Amino acid sequence: MLPVSAILLSAGESSRMGSLKALLPWRGSTLIQYQINALRSAGASEVVVVGGYKSDQILSSIQDQTGVVAIANPNYYLGKTTSIKAGLGNLSSGNSTILILAVDQPRPVNLLSELISSHITSGKAITMPVFNGKSGHPILFSSILMSELMEIDEESEGLRAISRRYRESMNLVNVDSGIVNVDVNTPEDIERARQLFEK
């Protein structure tokens, strides 16, 4: 495994979907299990899953897996930054790279592997995928930014504030798939994501 820690955010209420996105069927499994497997297969030595809304249902589905830490964020309703910081606070020490991804952003293993490899090789503080000029997810951070990451809040737009700060020196990776810009919020989004995965 590579010196990479992944934070998988799964704390939202899935209001537009109408059911818990994390437990939706996806490529022979659930969306959350697929994401965990993809991150681990791409080289992440650990995946910290952060639940919030109905976290008991979500986290119980992924218990006792090697390399997976499942935690509940009781303050999830205060915004995504609280879940990111909860995940950061549960990372093991020593890993040089932090990858942050939401459970409703399914990404293929080869893409995750490409981004991780590019980030480690680049030596840059932040790596971000780009498709047709539009930046996407996941975002990878050097652990040297840990103190700045722990200070994010909703008022300053969370991770966007750090990305803007380092924009000129960021490692931007051009990719050939719009999947990096997909968030699965509706049934229509699921179909689009499936089509992109098939390509």
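Buried here means under 20% relative accessible area, with exposed over 50% and partly exposed in between, using a 1.4 Å probe and protein chains only. Helices (H or I, at least four residues) and strands (E, at least two) are DSSP runs numbered from the N terminus. The model is a predicted one, in which local features need pLDDT of at least 70 and side-chain atom pairs count only at pLDDT 80 or more, while totals for chains, interfaces and linings use all residues. Residues are numbered from 1 along each chain as its sequence is written, and side-chain values use heavy atoms, with hydrogens and water left out.

**View 1. Helix H3 (residues 80-88) and what covers it.** Seven of the nine residues of H3 are buried, leaving the helix mostly covered; these are Thr81, Thr82, Ser83, Ile84, Ala86, Gly87 and Leu88. The elements covering them include strands E1 (2-10), E4 (44-51), E5 (68-72) and E6 (97-102), together with helices H5 (146-149) and H6 (159-165).

**View 2. Helix H1 (residues 31-41) and the residue Gly43.** Because nine of its eleven residues are buried, H1 is largely enclosed by the rest of the structure. The buried residues of H1 are Leu31, Ile32, Gln33, Tyr34, Gln35, Ile36, Ala38, Leu39 and Arg40, and just after this helix Gly43 takes a positive phi of about 120 degrees.

**View 3. Gly178 in the loop between strand E10 (171-174) and helix H7 (187-198).** Gly178 is buried, with a relative accessible area of 5%. Not counting residues up to four places away in sequence, Gly178 touches Phe131, Arg192 and Leu196, where contact means heavy atoms within 4.5 Å.
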